[in-house]
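Have the sequence and the 3D view open as you read.

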Amino acid sequence: MQSVARSQSTVGPDAAAPKDATLIYRQSRWTRLTHWLWAISLFFMLLSGLQIFNARPQLYIGKESGFAYNNTIFAIGAENTANGPRGYTEIFGKRFDTTGVLGWSGPAEQETSRAFPSWATIPSYYDLGTARVVHFFFAWILTTTLVVWLVASLVNGHLRRDLVPRIDDLRRLPRDIVDHAKLKFHHSREYNTLQKMAYGSVMFVLLPLMIITGLAMSPSMNAVLPFLNDLLGGRQTARTIHFIVMLLLVAFFIVHMLMIFAAGPINELRSIITGWYRTDPPAHGSKTPQRGA
Amino acid sequence: MLKFVISRRKFLTSASLGVSGIMLSGCDAFDSQLRVGDGLRSFLEGANGLTWRAQRLLAGDSLAPEFTEADIRQPQRPNGVTAPDDDVYKGLLANNFADWRLEVSGLVEKPLSLSREQLMNMPSRTQITRHDCVEGWSCIAKWTGTPLSLVLEQAVVKPQARYVVFHCLDTIDRSLSGDIKYYGSIDLIDARHPQTILAYGLNGKPLPVENGAPLRVRVERQIGYKMPKYLRRIELVDSFAAIGGGRGGYWEDNGYDWYGGI
């Protein structure tokens, strides 16, 4: 009889409900599967992308790269100085010494001139052809996963239930910001306002923008969608946006990791691996439901 | 319940330790799986075939964007070999390419041998397009040349031909078995595309040596390494087996994808 009772109380389709009432089934198998496919794809796309960038470590604004004129807004390079070779990073013409990481890096006495260091690129040695093979393979995985997630989330209600912002979210925003700043986290079924904003902007702004600017760099796709580069401000601007969105995704990843460690890494990891999440015990005397970290 | 939590916790802790360990040592392990011919590498390269089919399906005969005179703001940036050091080439250059011929051979009914004058007397096409180098830079220039489709028509391509291979005059690499001259290939869809021209003019002037004189191909819907310079011979083939390392081009034999539309 116990097994019957268990299956009746199960919220999700693929796990048995434990007796503990604070454990809830929070993440569907689609959310979990696509989450990890993105994690893997973005890891490989970032490191192969930095390798591709190393082939031409400059970013330009416009249709083309200025060689007889200057439309460079960002550059990483190396130069010889009185103190030996130094690496530099130049942003809007302002130069910073980034020796050891950007421009000039490597093991002691074996430093080389390379924009992003060996530990940040796939392959670790200079190989543009291979980086492209890796990058475009995972581009297919990433894009397919995004489509699968979108369809699954529309069908299973994840989108409507968990991500669509409501009037309530706006009202709760100030308190959410204060709670996050104090590292005070609530654990509940629902995402809080800042979570909705962060996840929503990754899914509906950053990843689509990454795919669009990636397509805008493809000469064949330019023939299919010629308006894309007109819209973005030219192929080289598209490449620059692609790079900036990469930085924003890395920033998201860092905050994502910090939040997970602050909110309880075991519980957070469990929910994205098994789907089960431990919520806070019901708060007595509180009128507004508390919402998850 | 307590037992469940602990075992799960142990699992997660060891799993995350394991993952970070793999990440740290994994980069080197991954490197060694990525050489040309490795199983993992070949699997990942399968994505290029998918991209090729998908873009062929989407692109059809559509044209690459063309630009205006106002968009030409600088000389075309030369890349790769810019001054061939080959005796044959230097001899042809000394005579202003009067003795140069473009051979068309392989799977054709009528092999051709065309002088520069013969090519220039054929109908020409001029287009202002953006050259996208695999490294990431772009440069806009005006190219004039003979549509490759007209040359192929004249040579009458045999039905079993699948690819057009370009053989060049410039030495790109040296190996134990001798100098390697640049070579590359495209499919017949791009070969017959209206913007695919055998260019002899750049920005209203004869094609300079650094940009591929006397003749280079423009394949406007692909990346720069797919547009060989210093053309000597065009060969129609049904497979790459007999061409270089068998992957369809010099850079392809060195790990680049064959389809360069992306």
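What follows starts with the chain as a whole and then turns to a single helix.

This is a predicted model, and the predictor gives the complex an ipTM of 0.89 and a pTM of 0.90. Chain B has seven helices and ten strands. Some overall values for chain B:

| Property of chain B | Value |
|---|---|
| Buried residues, out of 262 residues | 40% |
| Contacts between residues 24 or more positions apart, out of those with a separation of 6 or more | 67% |
| Residues with a pLDDT of at least 70 | 89% |

The average pLDDT of chain B is 92. Residues 1-6 of chain B are another story: the pLDDT there is below 50, and beyond near neighbours in sequence the stretch has three contacts in the model.

Now for helix H2 of chain B, residues 39-59. Its 21 residues should span 30 Å at 1.5 Å a residue, and the end C-alpha atoms are 31 Å apart, which agrees.

Which residues of H2(B) are buried? They are Leu44(B), Glu45(B), Ala47(B), Asn48(B), Thr51(B), Gln55(B) and Ala59(B). Looking down the helix axis, these buried residues of H2(B) sit within an arc of 120°, so they line one face. An α-helix has 3.6 residues a turn, so residues three or four places apart point the same way.

And what does that buried set pack against? Its partners are in chain A: helix H3 (128-156) and helix H7 (219-224). The other side of H2(B) has exposed residues, among them Phe43(B), Arg53(B) and Leu57(B). Just after H2(B) comes Gly60(B), with a positive phi of about 50°.

Methods:
Residues are numbered from 1 along each chain as its sequence is written. Chains are lettered from A and ligands numbered from 1 in the order in which they are written. This is a predicted model: local features need pLDDT of at least 70, side-chain atom pairs count only at pLDDT 80 or more; totals for chains, interfaces and linings use all residues. Helices (H or I, at least four residues) and strands (E, at least two) are DSSP runs, numbered from the N terminus. The expected span of a helix is 1.5 Å times one less than its number of residues. A residue is buried if 20 or more other C-beta atoms lie within 10 Å of its own, exposed if 12 or fewer, and partly exposed in between; C-beta atoms are placed from the backbone. The arc is that of the directions from the helix axis to the C-beta atoms. Two residues are in contact if their C-beta atoms, placed from the backbone, lie within 7 Å. pLDDT is the predictor's confidence in each residue, from 0 to 100.
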